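Dear colleague,

Please find the structure below, together with its sequence. My notes on it follow, and I would be grateful if you read them with the model open.

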Amino acid sequence: MSHNTSGLKYNQLKDETSPYLLQHAANPVNWLPWGKEAFDLARSEDKPIFLSIGYSTCHWCHVMARECFADPEVARIMNQHLICIKVDREERPDVDQLYMTACHLSGRPGGWPLSVFMTPQGRPFLITTVIPRDSDLHRTGMLDLVPKIWTAWQDHREKVLETGQNITSALSMQFTLHPGQLPRKNLPQMALDHFIRNFDDQHAGFGSRPKFPSPHNLLFLMDVHQKSNNDQAMPMAAKTLEAMRLGGLFDQVGFGFHRYSTDAKWLLPHFEKMLYDQAMLITAYARGYSLTRKELFRTTARETIEYCCRDLLSPEGGFYSAENADSEGEEGKFYVWTEEELKSLLEPEEFSLVRKVFNTKPEGNFQDEATGLLTGANVLHLSRPLDRLALDLETDPEQLTRQMAAIRSKLFQARSTRVRPSRDEKILCDWNALMISALCCAARAFDSREYLDQAENTGRYLLEKMQDKDGNLLHSLRGVQSPVRGFLDDYAFMIRALIDLYQATDQAFYLDQAVRLNQIMLEKFQDPASKALFLCEKDDPLIIARPVDAYDGALPSGNSMALHNLVFLGRTQGNEHLLEEAENLARAFAGSLNQAPAGHAWFLAGIMMLDIESL
């Protein structure tokens, strides 16, 4: 029987701070934010929950929003049969990882938006990604799916509940670790062998398509090179760094890296720009420069820092999260060029040079997403670095560099008059910590006081704004302090940033803060049984299982970074207990490491620091 909940019968996202949630505040769907109120309402009205997880710069999230959530008819049936919850995956990574893992356990590949139908107790019984408005030969649309969900809830309740319980049990098993012996000594070599087998000799990177930067894998290869002087590891890393910088993955006009390449050639990107990609790639290019002295790597790191400080840095000193892929309803519109546009902006000799350097074509190289047909638009990219192109063009390299800088400046000014993609001005503790580490790495590699000053400014900002009165970290900030408490990644990445600041400045304050936060991290997140570190704290009744893993996906995992930190702090402090905790962490994930060493490259880099062979 339904209770009187008339006060909740409207979209409740208008007072949220997340840009993603605010994007849906005008939907006719009666969205609620994640919280006790939404779950209580689902129980009181005896309705299934529809959980939609995404983020503000997600292209397919925008597509589903336009097709479904902005549609009055879809909204009507959703409001009639479901309690609808919106979650920003960047604000609540615990919720995202929990239900994304459930998606994978259900045999689906995952992605965003993540669409979850679940019981009022939060147990998922149907999980998918993008759902269209109308059904077609391949997918059931929302107009048909929601009534089917409601019928199953009414007429086949036991089967629905059984499915939800089975998936929940599988989640609990997935997140229950059984510590073993220390990982096998040859795991770094096994991971290296995997990268060698999967390396794309023609285009660089690993696998076919899509291709993600995964800079922590490149950093692992650099570690292998330095530790064992392996003659295959560094060439793979260096060739990939060069290919990514030359391709459309890199914004040749405004700098900074797009999210990933949709093709094998690093040419056609998915155009969103994420802070964490910039930070990790700055680190990879700066370190790559230190090992190879390739000028292209130094230039790329500096250009990426220029982009971050120009377009993502807040006045207060924190870095914003991301920029959208879409503008004016089209992905990539801000970034691509027709030859007619280029002709109108440039002198004839400049246009001729752009065609040779940036490889433009009259028919374009950018394909329509739906039809696959060329649109006439070009993603600017290079076939070779400018110094090599200068030889082909029989011109002086320095002169060509000056010419292209002047052309780029013209294009940048012209592009600035376009409608810019929206910016997610949420400030995340973990991603900002990665940026601090990147700036410290660049400061060392290029002997730059400017970069170190920025790293310290952002460090002070996080210590002042992203902690509560008791010194616990907060996860996100936008306008006002977020009620979302810090997660494992916030602590592990912030500890790393403080260690990097300590190494760059030799100021004991930073090391003291790292030691303090490391102790809090162990108290909040460590599993007493396995000694692994959970992603979230244990006192959230809405979380049906606490996620825990060491898989290094788009970013290094919190457990991987924590392993690095424990080894450094243990040795720096002469603290045997912390070194024992590092060994315990390695034992906790021995099973998954042995099964898929290349999927845990940053964890293995930590194991190489720990030097398992000497244990």
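Helices H10 and H12 are oblique to each other. The model is a predicted one, and in it H10 packs against helix H12, residues 295-312, at an angle of about 50°. On the H10 side, the contact is formed by Ala238, Leu241, Glu242, Arg245 and Leu246. H12 contributes Leu296, Phe297, Thr300 and Glu303. Of the residues in this contact, five are nonpolar, three are charged and one is polar.

Helix H10 spans residues 233-246 and also holds Met234. Is Met234 buried or exposed? Met234 has a relative accessible area of 7%, and therefore counts as buried, the cut-off being under 20%. Leaving aside residues up to four places away in sequence, Met234 touches Met222, His225, Gly288, Leu291 and Thr292. Gly288 lies 54 residues from Met234 along the chain, yet their C-alpha atoms are separated by 8.7 Å.

A word on confidence is also in order. The protein chain has an average pLDDT of 93, and 97% of its residues score at least 70. Over residues 1-7, however, pLDDT stays under 50. The model has seven contacts beyond four places in sequence for that stretch. Where pLDDT is low, predicted coordinates should not be read in detail.

Yours sincerely

Notes:
Residues are numbered from 1 along each chain as its sequence is written. This is a predicted model: local features need pLDDT of at least 70, side-chain atom pairs count only at pLDDT 80 or more; totals for chains, interfaces and linings use all residues. Side-chain values use heavy atoms; hydrogens and water are left out. Helices (H or I, at least four residues) and strands (E, at least two) are DSSP runs, numbered from the N terminus. Buried means under 20% relative accessible area, exposed over 50%, partly exposed in between (1.4 Å probe, protein chains only). Contact means heavy atoms within 4.5 Å. pLDDT is the predictor's confidence in each residue, from 0 to 100. Axes are lines fitted to C-alpha atoms, for helices over the stretch in contact, and angles run from 0 to 180 degrees between N-to-C directions. Angles under 35 degrees count as roughly parallel, over 145 as roughly antiparallel, 65 to 115 as roughly perpendicular and the rest as oblique. Ala, Val, Leu, Ile, Met, Phe, Trp, Tyr, Cys and Pro count as nonpolar, Asp, Glu, Lys and Arg as charged, and the others, Gly among them, as polar.
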